[in-house]
Amino acid sequence: MDNKNNNIILSIQDVEKSFPGVKALDQVSIEIERGEVHGLVGENGAGKSTLMKILSGVLKKDAGTIIFDGAVVHHTSPVESQRMGMSIIYQELNLVHTMSVGENVFLGRFKEMGGMRGTHTKAKTLLDSIGANLDTYQLVDELSVSEKQMVEIAKALSFESKLIIMDEPSSSLTQDEMDKLIAVIKQLKEKGITIIYISHKLDEIFELCNRVTIMRDGHVIDTQLTTDITRNEMIAKMVGRTIENEFPERPKCDGEVLLEVKSLNTHKLKNVSFELRKGEILGFVGLVGAGRTEIVRAIFGADQVKGHEILIDGKVVKIKNPKDAMNAGLALVTEDRKQQGLVLSFTVEKNVSMASLDRLSKFGILNKSKEKDMAQRQVKGLNVKTPTILTKVSSLSGGNQQKVVLGGWLETGPRVLILDEPTRGIDVGAKYEIYLLMKEIAESGGAIILISSELPEVLNMSNRVLTVYEGRITGEFDPLKTTPDHIMRNALGMGEEEQNNDQAN
Amino acid sequence: MDKMNVKKILSVITNQRAVLAIVITLIVVAFNNNNFFTIYNMKTMLTTSSIYLIIGFGATIVLVAGGVDLSIGFNMSVSGVLAVYLMNNNVPISLAVLCALIFGGIVGAINGYIVVYQKTEPFIITLGMGISLLGLGRLITNARPIVAENKAFLNISNGMIFGERLNLIYFTIIMFAVVHYILRYTSFGRNLYAIGGDYEVAEYSGINVRANKFYAFVLSGVIAALGGVLLASKFGTGNANYGLTTGFVIYSAVVVGGTSFAGGIGSVPRSAIGLIFVYGVLQNAMNMLRVNSYTQMVMTGIIIATVIALDSYSRKRIREKV
């Protein structure tokens, strides 16, 4: 008995939490074993984040007990939980961007570290220990997302954390960076550190975790060894119903050319040209920073570009700003919906109508009843889960927020819909609905450009795939006739090598 | 259950802070002074605050769009000076007033151009503009009040309509309606909310962010000049020193009313309540209670800070809910 207790580093017993009108956690009990990587999955709104906030001391639980490392936890602040040996790495990393790497690791503890020099030396040691080769004097602002994560992990280690909770650490990492993170997690595990790993990406759960807990609607549905559960069973438990396929059938496309982009050049892009046909979903594969986002921003007039040519239906169109792009029939759903897709202080209604205000007004005066109809049409059509159209978007889940963004763009009647990471941070059920919507748009005569870091998504949804590497298009593939490996190699800039080898042979 | 209700009441209180502040002030005064709740005093209160209400509506336009225009106080005084100066040099009243309004619009346009198209910090730019305007006003007047020779000019603010001298209140009601309509029922107004709420999102949604924000500054400038003309007409003088603290106090009052300093949130009715509290109820109450005028300044500052601190408390609670 004693032995068993000693094996449990964190015991969550019957924890409850209510918000006005919602029971966010209902009798949640989970036991985390010492030294394991424990996966936590569930759709958005399942209660994962609330549970983590209670663990970190940001929120107070209404009932239940939490025992960490043999002691009952009463803490009320993140600092206390950190001192106890529990660290959380949030999706939105908590680093001071204007300070250096070293300063961030030991923020508020410079004196204890023996001043700035000690701080930097010790930070370097910690970073080296997880194989992150970073200059501790560099500003955090200049780091990539994955490097910032390394800084967060070093920071957690600096508190001698026994438990590190990672909240969707992979959502903005490329495959390459993800591999590094996996390596680091394995190292941490070897050091005897316990990890709770929250993710929407089930592949990672299977690869990394010993056990997995599935949550839905504030309840723990099941805890299983990852070897004892299949992917489909896990999805079924997450959504409470069985999903036959993760992806719908891709649209049939045999239309004529709708959009033609010729020789796009910026300081980052080199001679990018491609065509998009009616009814087509065209996928862009590449690392974060390879230039995928820059390509679509340039097409959309969000960045200043010169010397290129854009043709729609064979006619040249001038696009100098997003407004021109919209008039030409383009719509861009940006990568970061909270920063570039939604006005969070606005209601659902106002966000939906935002890109259509010109059409909704006469002599500058808004037609409120038309606006209301528009919002209701999209909320109904896209199955947005919101109490009313007058609810603020900030209170909706990620999937529903994304639907609001899409709804707004659909109302502009776009012919080319550009989707940059449309399903990031969205749960399985909502993803499927968005895939269906993409298919519908393509089949009704539109066309879609799809950018995604999730390779299965691009390969299963696209009719054609272009690989982007260092600002160039390095290949064009039919995903049905090519292996994912081959496409990935081109996205990593290794396709040319291969061709050379082929020629040599 | 009880706890829930208490929380609910608490959040209503903090959300309606300006109304609450007015109620508390009224209760305090009611116990100490019998003259407060007279129709005469109510009229006085509205009349004294009217000009600041009007200018505050203009300030709300800029604030909602995520900007700030601290030059409005100086714009007000200089526009008033300009109107009086022109009239005293034989320019007809209507033309002089028109010139003052155009002048205010130009000031707003310069502010807007520098802030929006040169992408600079509005706080500093408009403060600099304000200082220049103060200097300009003193240059025109030799730093002395100039008296309007044409007494007809005084009728704009003090004229008799329907047997009452309530022109300033009528002006306030008209401007309330106009600005409220612009913000609430036009696409221009909605664009401003989007720009203040999230500049990038607004731009990607095809809104002409620069032009819209620019016009917000122009409007605010014209409205400040209108306030200046009304003020000059009310006293029959143009005085460059009128607006020294006006810009700051107006913006504080607008924020007290519930318009966010960060932009994107707010409305004319909310601003009106904040402005009535600071310029009407609070000042009038302190006069009634015979508070020394310097003590009044101290108190005004403290009360504004307290009310805004309450707001930050309520928003912290909202954040915790998420």
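Which residue just after H10(A) takes a positive phi? In this predicted model, the residue is Gly301(A), with a phi of about 80 degrees.

**Figure 1. Helix H10 of chain A and the residue that follows.** Helix H10(A) spans residues 292-299 and is mostly covered. Seven of the eight residues in this helix are buried. They are Arg292(A), Thr293(A), Ile295(A), Val296(A), Arg297(A), Ala298(A) and Ile299(A). Gly301(A), with its positive phi, lies just after the helix.

**Figure 2. Overall build of chain B.** Chain B contains 14 helices and two strands. Its radius of gyration is 20 Å, close to the 20 Å that the globule rule gives for 322 residues, so chain B is as compact as a globular protein of that length. Along the principal axes, the C-alpha atoms of chain B fill a box of roughly 70 × 55 × 35 Å. Of the 322 residues in chain B, 52% are buried. When contacts in chain B between residues at least 6 apart in sequence are considered, 78% join residues at least 24 apart.

**Figure 3. The interface of chain B and chain A.** Chain A brings 31 residues to the contact, and chain B brings 25 residues. Between the two chains an area of about 2300 Å² is buried, and carbon and sulfur atoms give 60% of this area. Arg190(B), Val201(B) and Tyr204(B) together supply 33% of the area that chain B buries against chain A, which is more than any other three residues.

**Figure 4. A salt bridge between Glu371(A) and Arg190(B).** One salt bridge is found across the interface of chain B and chain A. In this salt bridge, the side chain of Glu371(A) meets that of Arg190(B), at 2.4 Å from N to O. Arg190(B) is also one of the three residues that supply 33% of the area buried by chain B against chain A.

**Figure 5. The side of chain B that touches chain A.** Five residue pairs, with both residues at pLDDT 80 or more, are in polar contact between chain B and chain A. Four helices of chain B each supply at least two residues of the side that touches chain A: H8 (167-185), H9 (187-197), H10 (199-204) and H14 (293-321). Among these helices, H9(B) gives the most, with seven residues. The residues on this side of chain B comprise eleven nonpolar, seven polar and seven charged.

Notes
Residues numbered from 1 in each chain as written. Chains lettered and ligands numbered in written order. Heavy atoms only, no water. Buried < 20%, exposed > 50% of the residue type's maximum accessible area, 1.4 Å probe, protein only. Contact = heavy atoms within 4.5 Å. Buried area = accessible area lost by both parts, 1.4 Å probe. Salt bridge = Lys/Arg side-chain N within 4 Å of Asp/Glu carboxyl O. Polar contact = N/O pair within 3.5 Å; in protein donor to acceptor, adjacent residues only side chain to side chain. Nonpolar A, V, L, I, M, F, W, Y, C, P; charged D, E, K, R; others polar. Rg over C-alpha atoms; globule rule 2.2 N^0.38 Å.
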